[in-house]
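Me: I am new to reading structures, and I would like a close look at one part of this one. Could you walk me through the sheet and what surrounds it?

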Amino acid sequence: MTLYLLQRLLYLVPLLLGAVTIVFVLVHMAPGNPVDYIIGESGADKEMIARLTADMGLDRPLYIQLLRYLGQVATGNLGYSFVSNMPVLELILDRLPATLLLMASQLVFSISLGVGLGVLSARRPNSLLDNSITVFSLASFAVPVFWLGQLLILGFGYYLDWLPIQGMVDLRAGYTGFDLVLDVARHMVLPVLTLTLYNLALILRLTRGSMLEVVGQEYVKVARAKGLSENTVMIKHALRNALLPVVTVVGLEFRALIAGAVLTETVFAWPGLGRLTFDAIHARDYPLLMGMFIFISVLVAVGNLVTDLLYALLDPRIRYR
Amino acid sequence: MAVQADDILLSIEDLHTYFFVDGNVAKSVRGVDLSLGRGQTLGLVGESGSGKSVTAQSILRLIQQPAGRIVQGRIVFEGTDLASIAEEEMRRIRGNSISMIFQEPMTSLNPVIRIGEQIAEVVRLHRGLPAREALDYATDMLAKVGIAEPARRIAQFPHELSGGMRQRVMIAIALSCAPRMLIADEPTTALDVTIQAQILDLMRSLQRESGISILLITHDLGVVAEMAHRVAVMYAGQIVEHADVATLFERPLHPYTEGLLASVPGLDRAPTPDRMLPAIAGTVPNVLDLPPGCAFQDRCPKVHDRCRREEPPLATVELRHDARCWLHVV
């Protein structure tokens, strides 16, 4: 097991190297460059542009830039943002908690609601309840997150005026202690709801399908023949077996969760990594962008690793060595 | 060994179990009458689709919901009509007074739950034993069904056991609450012959010890000959012949039973010139669309006009020997 873990962590090195190279080339191929962004509309003479370009090392051939970057990353240095001149790592770590808070909350909600509604749906397939849940989940899946987010802002923030629509805290109120926690929670409702509604559908449909398959298995019939209640049969005997494919897909969809976070954080002005990424793309802030990509790659790889480990936890037939 | 009326543990009267699928009705069981005496084994024989498993599952009301339904009939077990009691009461009977083992030991055990727990949960449920004692009890049960090192086995998962061992575990689960009746639905079909013999031996010796009644569902006449006291032959949802096991093998009355017996290879029988076993021509009729008259008419070598017009009743031809055939109705 420990050996397996070490092996998997070692695989990360070539994986990241490949990912960084590809992304580096793609980012530099994209039109526009940071110099234009910094100079902006004001205009500057050619000499100034040339000096800035040289300062950022952008006048060198791409492969030299890549090698220099890789060498720098290898020493643990992610460089400095072109725009703010802050260390990239510091910028990322600064924004990380806000994003983690959002992601963790929406994962908890979408998994518990998705699995719960999926089981409910599978109990009586094609019943009125099942069909209502299906329609609801497909509708919420089909709506783009940014649009759903704006609808929620309009509904709950503007017309009803129940909930804050931007940011993470009310800066003017200057809450502390428990009041601050409450304030953050209030700010979280809409973004978490948006993300949950989006991710819920996939988990729900998967759970339903997987449950329906498992319920047809002989051991479920055996569980009923034992005299167990329908709830015990469904949850103890069927659900654990049905969760395997759900875990796989949630693990694989980890990157989609991050993509959803970028859009949602932008809509709700949430001060997290998503916003940071969005701004970095806008400014062609190469070091920050690359730092974000490396960070996301590691997150996805670790997510996949956790998925595989969860697998072994759920299914005793799976053992790693 | 005649069965007296007060020795009857279970009697099924005029059972009809239908499946309603997309506006069609599959009449899987059409008027089955059966009775099972205490300490007896009743063999229920028939081809796939003859309705024998549906009959068995109707007893425990485990037919697939919501499509399947018992539309008519009584299933009287120790004076209670199982067809009409509440679901909650039914749950107290399942795994407690009546238990069931299934055909596929490879898929009957839950792959993600330890063997010990799969036995212990039943005794916790029906006997109210605390967790620790239930697990000890499970260990004893494993020893009783002939599994070596039971203390080690209870901590294992089904995939760590062979097919024969898993069927022993299934039997341990089924017998853990000392039920009065065991429904064994093709218990040895998926096992190889030597293991098959071991499992049948085990079932017989457990029956001698506990006096449990067994409803044995099988398509294997060899198993019936070895295990059963009485035999009922099912065809297209009906009982077509019902007799003591010796009588049935010596003097089969229904042409279908004759055909079944002829298709079994025997060492005492001379091989046919082409060395092929005789088979019953044709296939089982579709339960969605049965012909008028006898259900066996299209495959019967002795079919005549009346068989195509009228459905024969199940008639007592001789003492304790019933057949559903116009040849034997006087």
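Reply: Happy to! A word on reading the model: residues are numbered from 1 along each chain as its sequence is written, while chains are lettered from A and ligands numbered from 1 in the order in which they are written. This is a predicted model, in which local features need pLDDT of at least 70 and side-chain atom pairs count only at pLDDT 80 or more, whereas totals for chains, interfaces and linings use all residues.

Let us begin with the sheet in chain B. Its 8 strands follow the order β6-β7-β8-β3-β9-β10-β12-β11, and they form an open sheet with mixed pairing. (Strands, E, are DSSP runs of at least two residues, and helices, H or I, of at least four, both numbered from the N terminus; two strands pair if DSSP finds at least two bridges between them.) At the edges sit β6 (98-101) and β11 of chain B, each of which pairs on one side only. On average, neighbouring strands of this sheet are turned by 20° against each other, direction ignored. (That angle is taken between lines fitted to C-alpha atoms, for helices over the stretch in contact; angles run from 0 to 180 degrees between N-to-C directions.)

β6(B) and β7(B) run parallel and are joined by 4 bridges. In one of these places, Met100(B) has Ile183(B) of β7(B) as its bridge partner.

Follow β7(B) to its end and you reach the loop between β7 (181-185) and α8 (193-210) of chain B, where Glu186(B) is found. Its phi is near 50°, a positive value in a residue other than glycine. Glu186(B) is buried because 20 other C-beta atoms lie within 10 Å. (Buried means 20 or more other C-beta atoms within 10 Å of the residue's own, exposed means 12 or fewer, and partly exposed is in between, with C-beta atoms placed from the backbone.)

Arg320(B) has 13 C-beta neighbours inside 10 Å, so it counts as partly exposed.

As general background, nonpolar side chains tend to be buried together in soluble globular proteins.

Leaving aside neighbours within four places in sequence, Ala172(B) is in contact with Ile119(B), Met141(B), Leu142(B), Lys144(B) and Val145(B). (Contact means that the C-beta atoms, placed from the backbone, lie within 7 Å.)

Note on methods. Two residues are in contact if their C-beta atoms, placed from the backbone, lie within 7 Å.
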